[in-house]
Each structure stands twice: as structure tokens, then as C-alpha cells.
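The model is shown first, and the points follow by topic.

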Amino acid sequence: MTPRVTLISLLLLSGASLLSALALGSITLQWQDLWAVLQGEQGLYRNLVVDLRLPRAMAAFATGGM
């Protein structure tokens, strides 16, 4: 594989893993609900994603990058 293909593959996999970390948990979100939260919709799902799952996913992402 060329370095460019490898980089693109890693970027796609990291994006997919980040979205999966936001969607999956004790309460599984539908992809439409997650998309609505990422678009700025207010509500219970926003609190769940922004206050709980996003900081945990970003910390795991940064730790994995180190």
C-alpha cells in the first residue's frame, strides 16, 4: 500500500470508531439521533452525547494517539 492510501484508511477508521463511541453505550442511539445532536438539536440525547460520551471518546482517542 502507498502511504497515501494508508493515511486515508486510518482517517476513515478513526472517524468510524469515534462515531461508534458516540452512538453505542448502555443507551444505543440511532444514527439519525446522533446526526441530529451533531447538527445542534437540543434535548436529552444532546446531554448524553456532549456531556458524557464525547469527553470519554476524545480522551480515549487522545490516549490511543499517544
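In this predicted model, H2 and H3 pack with their axes 9 Å apart, at an angle of about 75°. Angles of 65 to 115 degrees count as roughly perpendicular, and H2 and H3 are therefore roughly perpendicular to each other.

**H2 against H3**

- On the H2 side, the contact is made by Asp33, Leu34 and Val37.
- On the H3 side, Tyr45, Arg46 and Val49 take part.
- By residue class, the contact of H2 with H3 divides into 4 nonpolar and 2 charged residues, with no polar ones.

**H1 against H3**

- Helix H1 spans residues 3-23 and helix H3 spans residues 44-65; their axes come within 9 Å and cross at roughly 145°.
- The crossing of H1 and H3 is right-handed.
- H1 contributes Ser14, Leu18, Ala21, Leu22 and Ala23 to the contact, while H3 contributes Val49, Arg53, Leu54, Ala57, Met58 and Phe61.
- The residues in the contact of H1 with H3 comprise 9 nonpolar, 1 polar and 1 charged.

**The largest nonpolar core**

- The largest nonpolar core has 8 residues in all: Leu22, Ala23, Leu29, Leu34, Val37, Leu48, Val49 and Ala57.
- At least two residues of this core come from each of H1, H2 (31-39) and H3.
- H3 supplies the largest share of the core, 3 residues.

**Leu22**

- Leu22 is a member of the largest nonpolar core and also of the contact between H1 and H3.
- Neighbours within four places in sequence left aside, Leu22 is in contact with Leu29, Leu34, Val49, Arg53, Leu54 and Ala57.
- Among these partners of Leu22, Leu29, Leu34, Val49 and Ala57 belong to the largest nonpolar core.

**Leu54**

- Leu54 lies in helix H3 and takes part in the contact of H3 with H1.
- The relative accessible area of Leu54 is 31%, so this residue is partly exposed; buried would require under 20%.
- A nonpolar core is a set of buried residues, and Leu54 is partly exposed.
- With neighbours within four places in sequence left aside, Leu54 is in contact with Leu22 and Val49.
- Leu54 and Ala23 are 31 residues apart in sequence, and their C-alpha atoms are 10.0 Å apart in space.

Methods: Residues numbered from 1 in each chain as written. Predicted model: local features only at pLDDT ≥ 70, side-chain atom pairs only at ≥ 80, totals over all residues. Heavy atoms only, no water. Axes fitted to C-alpha atoms, helices over the stretch in contact; angles between N-to-C directions. Helix = DSSP H or I, 4+ residues; strand = E, 2+ residues; numbered from the N terminus. Left-handed = near helix turned anticlockwise from the far one by under 90°. Contact = heavy atoms within 4.5 Å. Nonpolar A, V, L, I, M, F, W, Y, C, P; charged D, E, K, R; others polar. Buried < 20%, exposed > 50% of the residue type's maximum accessible area, 1.4 Å probe, protein only. Core = buried A, V, L, I, M, F, W, Y, C linked by side-chain atoms within 4.5 Å. Parallel < 35°, antiparallel > 145°, perpendicular 65-115°, else oblique.
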